[in-house]
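Please examine the structure shown below alongside its sequence. The report that follows describes it part by part.

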Amino acid sequence: MSDRAGSTPGHPVKNQLAAMTLAHRAFTAMAPAQYILIAGLFIGLAPMPAAESAAGPTVPTAARPPAQGTTADDATPADLLLATGHSAYRAGRYAEAAASFQKFFDLYGQSTEAQAARERIYPMLGGALLAEGKSAQALPFLRQYLDLFPAGPARPEVSLWCGLAMFGEKDCANAVATLDRFCAEFPRHGQATRAAFIAALAAR
């Protein structure tokens with residue numbers, strides 16, 4: 001007997017499959033930014049800061065001179081760009097965080113300090129872009145992090161975000177493979193169940 005008058009209980013599996021089918025049809029009609037936003041709601045996407053030392057975030061104490069073609073106003077100090085990006089990221093101001101980190105790499109990307117900072121910055125930059133619905137721009141940073149730092153502390157989250165970014169770009173085959181791999185490698189992760197749902201949705 002149903003809990004509400006006039007309602008009819010349905011088969012839970014069939015109902016879930018029907019809901020997934022309707023959701024998939026709606027997703028495929030969306031622009032990539034809308035697509036990743038809805039996927040993010042399923043996952044509970046909230047980019048977390050990369051692992052930091054107990055003393056707090058560190059920033060380069062020196063960096064190479066700004067790239068040729070920049071003006072004095074453009075040449076924001078490296079430590080200021082990183083500090084601004086980090087504080088904006090922690091506050092959920094992802095557009096500001098992404099802009100600061102991207103400017104840092106534009107100006108100082110070839111410096112020794114910038115190369116050393118990639119393990120900490122790439123997850124935040126990729127996560128910030130993803131949170132803004134810019135999955136295509138996020139993917140290179142997320143992939144580079146996984147390639148360069150396979151045992152990095154942010155690997156679980158970055159693996160998940162990489163799958164979501166692929167899903168946002170409607171690259172469903174790679175999204176399924178990436179999300180399935182995430183679920184297999186991190187079965188106890190708090191988002192593993194929802195990641196499996198997104199993978200099943202992308203596979204339909």
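## Helix H7

Helix H7 is mostly covered, for 13 of its 14 residues are buried. The model discussed here is a predicted one. H7 comprises residues 155-168. From its first C-alpha to its last, this helix reaches 19 Å, which is close to the 20 Å expected at 1.5 Å a residue. Just after H7, Lys 170 adopts a positive phi of about 60 degrees.

An α-helix has 3.6 residues a turn, so residues three or four places apart point the same way.

## Overall architecture

The secondary structure of the protein consists of nine helices and zero strands. Read from the N terminus on, the order of the elements is α-α-α-α-α-α-α-α-α.

The protein has 204 residues, of which 41% count as buried. Among contacts with a separation of 6 or more, 62% are made by residues 24 or more positions apart. The protein exposes about 10,800 Å², and carbon and sulfur atoms supply 56% of this area.

## The largest nonpolar core

The largest nonpolar core contains 49 residues. Within this core, the residues that touch the most other members are Tyr 89, Phe 101, Phe 104, Ile 121, Leu 125, Leu 142 and Trp 161. Several elements give two or more residues to this core, namely helix H3 (78-90), helix H4 (94-108), helix H5 (112-131), helix H6 (135-148), H7, helix H8 (172-185) and helix H9 (192-203). Which element gives the most to this core? That element is H5, with nine residues.

## Cysteines and disulfides

In general terms, a disulfide is a covalent bond between the sulfur atoms of two cysteines. How many disulfides does the structure hold? The number is zero.

Are Cys 162 and Cys 183 buried or exposed? Cys 162 has a relative accessible area of 3% and is therefore buried, because buried means under 20% relative accessible area. Cys 183, at 17% relative accessibility, also counts as buried under that cut-off.

## Phe 197 in helix H9

Phe 197 is found in helix H9.

Phe 197 and Asp 180 lie 17 residues apart along the chain, and their C-alpha atoms are separated by 10.0 Å.

Conventions
Residues are numbered from 1 along each chain as its sequence is written. This is a predicted model: local features need pLDDT of at least 70, side-chain atom pairs count only at pLDDT 80 or more; totals for chains, interfaces and linings use all residues. Side-chain values use heavy atoms; hydrogens and water are left out. Helices (H or I, at least four residues) and strands (E, at least two) are DSSP runs, numbered from the N terminus. The expected span of a helix is 1.5 Å times one less than its number of residues. Buried means under 20% relative accessible area, exposed over 50%, partly exposed in between (1.4 Å probe, protein chains only). A disulfide is a pair of cysteine sulfur atoms within 2.5 Å. Contact means heavy atoms within 4.5 Å. Accessible areas come from the Shrake-Rupley method with a 1.4 Å probe; for residues, only the protein chains shown count as cover. A nonpolar core is a set of buried Ala, Val, Leu, Ile, Met, Phe, Trp, Tyr and Cys residues joined through side-chain atoms within 4.5 Å.
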